[in-house]
Amino acid sequence: MARRPPLGELPPDYTPPAGSAAPQILAGSLKAPLWLRAYFQGLLFSLGCRIQRHCGKVLFLGLLAFGALALGLRVAIIETDLEQLWVEVGSRVSQELQYTKEKLGEEAAYTSQMLIQTPRQEGENVLTPEALRLHLQAALTASKVSWDLNKICYKSGVPLIENGMIERMIEKLFPCVILTPLDCFWEGAKLQGGSAYLPGRPDIQWTNLDPEQLLEELGPFASLEGFRELLAKAQVGQAYVGRPCLNPDDPHCPPSAPNHHSRQAPRVAQELSGGCHGFSHKFMHWQEELLLGGMARSPQGQLLRAEALQSTFLLMSPRQLYEHFRGDYQTHDIGWSEEQAGTVLQAWQRRFVQLAQEALPENASQQIHAFSSATLDDILQAFSEVSAARVAGGYLLMLAYACVTMLRWDCAQSQGAVGLAGVLLVALAVASGLGLCALLGIAFNAATTQVLPFLALGIGVDDIFLLAHAFAEAPPGTPLQERMGECLLRTGPSVALTSINNMAAFFMAALVPIPALRAFSLQAAIVVGCNFAAVMLVFPAVLSLDLHRRHCQRLDVLCCFSSPCSARVIQILPQELADRTVPVGIAHLTATVHAFAHCDSSSQHVITSLPPQAHLVPPPSDPLSSELFSPGGSTRDLLGQEEGTRQKAAYKSLPCARWTLAHFARHQFAPLLLQSRAKVRVQALALTGLAQWMERQPVD
């Protein structure tokens, strides 16, 4: 083997390119990069030789270290809060949210539930009394949960009244904040719960409550000037009883409704134009965009039609619900806490969604879509959880692919066990990288659990294949103890540069201020670093052990068994020993020669040799029993019969040696694709698929 030049010197046979205008400048410019490359390759060569000498220790310590880091997954935290995932740190949105929390309290916000109604037939108008009555039916059904909506809904604030009787009545009647297109009509009062009792009157509810008339009736018995002034400022008026009824034939439709006497259905588009109001015209104005979707207007700007209706129910926050029922007799014996309040709200929201989806019959002309914050949390939680079946399936497929592509019928060239060990090593490296991220306190998200394991598997397995191929194709004459060093010398720089570039790219992506993307980028960089360490330190030990297996003439994968290539009995014709053509008439004259097998210097092949003075023994009585059949049929059998030390090499391959993906791709698949008819068919299929995809795309 030729001696390598010292580090920092150019090879002796190096000459500058011909025709160079400035060879001295070129040589000077190449000296530093070549010295750096040679120095780096020298380090890798030394590393590979040391790993090969201590392959067992390196493999044990590497697996121990990666396994210890993988245990960090036990403390992993999965983040599903949208604010923590997608709100930029220090942005205007973040500052406004922080300001709201500081001024109104940490739990001052409310929880929203949405009820969306769309027609089953696309493009149908929903601004009809029938569609709104179906919307009312769905809203009433969805709100009939075990906990009454009036108990847990968000209320803008109950005013303080000096008169105790009026204050208790207002507390029971104070309406929930519900943003709904039904508020434009009397039927909106049906969504408001609560009732109050006054002697000599039926139960007071929002469906029959006229605040102005009630004040007139109570005026002689109590001083209500302050309350009257409060209602006047809020512009409550007659509340819901002064609004048109969707169904004028309803026996409960109040006489004060504009269409009560005419019995005519209201013009829905006209009533919804400009939005709706809650019980307070001044403080509760719901814009059209909050109530309708897919709106169409006339050239004058008048609302003509819409394709969706939306109602939004506002609930208390867990803190508000806890404070509201703290000390109440209903929660006295259940150990009421803020956590239980949050559990009640989540259960109510899930039941709300379930009842809303079941509210309308299947043959109805409208369909209901319910959505709540609990639903969003459930979706994020489901997407953030690791699917063991999906991950295991992906890694098992990669195991099978690595084993099949690296398995050979020639026992000395087969690397199926190396492929299996490489994929398992990459899986362990990915787990250790994620465990290290968990130990560092980097929260996981949906991208971490659904994307990163497969992304890291592809990056790591690519380097595994590269190293395994370079190790199998070592230059002739490489000493056995330098095989791993030579492999890292030729392939290590490429693996190192790609891994370092990938890590640098992910670390640069961590500068993005979005928390979810920043966490994913940091985790990807750490996982790629663990993959790089596993490929450069632990996988060479696996290759060194496989080299030991081949040197000991053991089977691939089933390394406990000896290879049948190590002791073979081969039939040859006597005439072949003299380099003569075999006459057809004496083809039945055969002899059996005992051969001896050993590994060549590169340990790539098992060589079967004949001694110079071979002793021929009579052939067996059954000619079929002496046929050659061995899984190592592609091993080169060197048959020597000349005098002295000269030997003659002959090769005999079994048909099963061609049963490989490489042989299929080279001799079957590639020639098929090169045919003109195959090219035309492939292009026709591609154009057909593209045309079908374009037909399915929506047209604006």
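## Disulfides

Cys 153 and Cys 176 are joined in a disulfide, with 1.9 Å between their sulfur atoms. The model is a predicted one. About the S-S bond of Cys 153 and Cys 176 the torsion is about -70 degrees, so this disulfide is left-handed. The two cysteines lie 23 residues apart and link distant parts of the chain. Cys 153 sits in the loop between helix H6 (149–152) and helix H7 (164–173), while Cys 176 sits in the loop between H7 and strand S2 (178–179). The structure has three disulfides, this pair being one of them.

## Annotated transmembrane regions

An unreviewed UniProt entry lists residues 58–77, 388–407, 419–444, 450–472, 493–514 and 520–545 under "transmembrane region".

Two of these stretches can be described from the model. Residues 419–444 are 81% helix and 0% strand, and the C-alpha atoms at the ends of the stretch are 30 Å apart. Residues 520–545 are 100% helix and 0% strand, with 36 Å between the end C-alpha atoms.

## Packing of H15 and H16

Two packed helices are described by the angle between their axes and the distance between the axes. For helix H15 (residues 388–406) and helix H16 (residues 416–439), the angle is about 150 degrees and the axes are 7 Å apart. Angles over 145 degrees count as roughly antiparallel, so H15 is roughly antiparallel to H16. The crossing of the two helices is right-handed.

On the H15 side, the contact is made by Tyr 395, Met 398, Leu 399, Ala 402, Cys 403 and Met 406. H16 contributes Gly 416, Val 418, Gly 419, Leu 420, Val 423, Leu 424, Ala 427 and Val 430. Of the residues in this contact, 12 are nonpolar, two are polar and none is charged.

## Packing of H13 and H14

Helix H13 (residues 338–357) and helix H14 (residues 373–384) have axes that come within 8 Å and cross at roughly 95 degrees. An angle of 65 to 115 degrees counts as roughly perpendicular, and H13 is therefore roughly perpendicular to H14.

In this contact, Gln 346, Gln 349, Arg 350 and Val 353 of H13 meet Ser 373, Ala 374, Thr 375 and Asp 378 of H14. The contact residues divide into two nonpolar, four polar and two charged. The contact of H15 with H16, by comparison, has no charged residues.

Conventions:
Residues numbered from 1 in each chain as written. Predicted model: local features only at pLDDT ≥ 70, side-chain atom pairs only at ≥ 80, totals over all residues. Heavy atoms only, no water. UniProt positions renumbered as here; feature names shortened; annotations may be inferred. Helix = DSSP H or I, 4+ residues; strand = E, 2+ residues; numbered from the N terminus. Axes fitted to C-alpha atoms, helices over the stretch in contact; angles between N-to-C directions. Parallel < 35°, antiparallel > 145°, perpendicular 65-115°, else oblique. Left-handed = near helix turned anticlockwise from the far one by under 90°. Contact = heavy atoms within 4.5 Å. Nonpolar A, V, L, I, M, F, W, Y, C, P; charged D, E, K, R; others polar. Disulfide = S-S within 2.5 Å.
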